Amino acid sequence: MDEMEFWELVDGSRATAGGDPEEQADALVERLLGLDPDDVVDFARHFESRYNRAYAWDLWAAAALLLDGASDDVFDYFRCWLIGQGREVFEGALHDPDHLAHLLDDFDEEVDGDAEELGYAADEAYEQLTGTVMPELGLPPAPPEPLGTYVDFEDDAALAERFPRLWERFRG
């Protein structure tokens, strides 16, 4: 599976679900069940590598702004949600998290920003297809600490300066 196929599966599942993260996870499992197990493992590698790339202080701070706070678990689920938004939003957020203010048309912190189940979709599909758990993906380990420079999520002035568009839209 190449990167284009990965994003097509993500985009197709999001469109089917109408943007609902839980329904998107279900739709993704259904799509993955139509593949052979090796392709499901490839999908999981693509997902996990992006999930690890998104483990960055700037993105964590952006999640904290969008969600009015973000614990470790909340940030994990946010990264799954971010991947589920598709390549343009994901790559744009990695490039400049403040750009999320313009990349996200609508954002409802009660529904959006949390897609824990999306992170398990490949595992679920693989288990249904094979009756066994997903094998090791053979990827480098996740970084022990977020990438980039630490951001103090409690410092409103620093957040407003670092993320002016997000601050204006979600806190201003």
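Q: Which residue caps the N-terminal end of α3?
A: Asp36 does: a side-chain oxygen of this residue lies 3.0 Å from the backbone nitrogen of Asp38. Such a polar contact is a pair of N or O atoms within 3.5 Å; within protein, one must be able to donate a hydrogen and the other to accept it, and residues adjacent in sequence count only if both atoms are side-chain atoms. Helices (H or I, at least four residues) and strands (E, at least two) are DSSP runs, numbered from the N terminus.

Q: What kind of model is this?
A: This is a predicted model, in which local features need pLDDT of at least 70 and side-chain atom pairs count only at pLDDT 80 or more, while totals for chains, interfaces and linings use all residues. Residues are numbered from 1 along each chain as its sequence is written, and side-chain values use heavy atoms, with hydrogens and water left out.

Q: Back to α3. What span should its 17 residues have?
A: At 1.5 Å a residue they should span 24 Å, and the end C-alpha atoms are 24 Å apart, which agrees. The expected span is 1.5 Å times one less than the number of residues.

Q: Which residues of α3 are buried?
A: They are Val40, Val41, Phe43, Ala44, His46, Phe47, Arg50, Tyr51 and Asn52. Buried means under 20% relative accessible area, exposed over 50%, and partly exposed in between (1.4 Å probe, protein chains only).

Q: And what covers them?
A: The cover includes α1, α2, α5, α6 (87–95) and α8. Cover is judged by contact, meaning heavy atoms within 4.5 Å.

Q: What about α2: what happens at its start?
A: A side-chain oxygen of Asp20 reaches to within 3.0 Å of the backbone nitrogen of Glu22. The buried residues of α2 include Pro21, Leu28 and Leu32, and among the elements that cover the buried residues of α2 is α3 (37–53).

Q: New topic: how much space lies in the largest pocket?
A: It holds about 330 Å³. On a 1 Å grid over the protein atoms alone, a pocket is an open set of points where a 1.4 Å probe fits, with protein on both sides within 12 Å along at least five of seven lines; lining residues have an atom within 4 Å of a point. Grid points are joined across faces, edges and corners, and a volume is the space filled by probe spheres set on the points.

Q: Which element gives the most to its lining?
A: α3 does, with 5 residues. The lining has 19 residues, of which Phe47, Glu48, Gly119, Tyr120 and Asp123 lie nearest the centre of the pocket.

Q: How do the lining residues divide by class?
A: There are 13 nonpolar, 1 polar and 5 charged residues. Ala, Val, Leu, Ile, Met, Phe, Trp, Tyr, Cys and Pro count as nonpolar, Asp, Glu, Lys and Arg as charged, and the others, Gly among them, as polar.

Q: And the second largest pocket: what is its volume?
A: Its volume is about 190 Å³. The lining of the second largest pocket has 5 nonpolar, 1 polar and 8 charged residues.

Q: Last one: is Asp98 buried or exposed?
A: Asp98 is buried, with a relative accessible area of 3%, and its place is in the loop between α6 and α7 (100–103). The side chain of Asp98 makes a polar contact with the side chain of Arg165 (2.9 Å) and reaches the backbone nitrogen of Leu166 at 2.8 Å.
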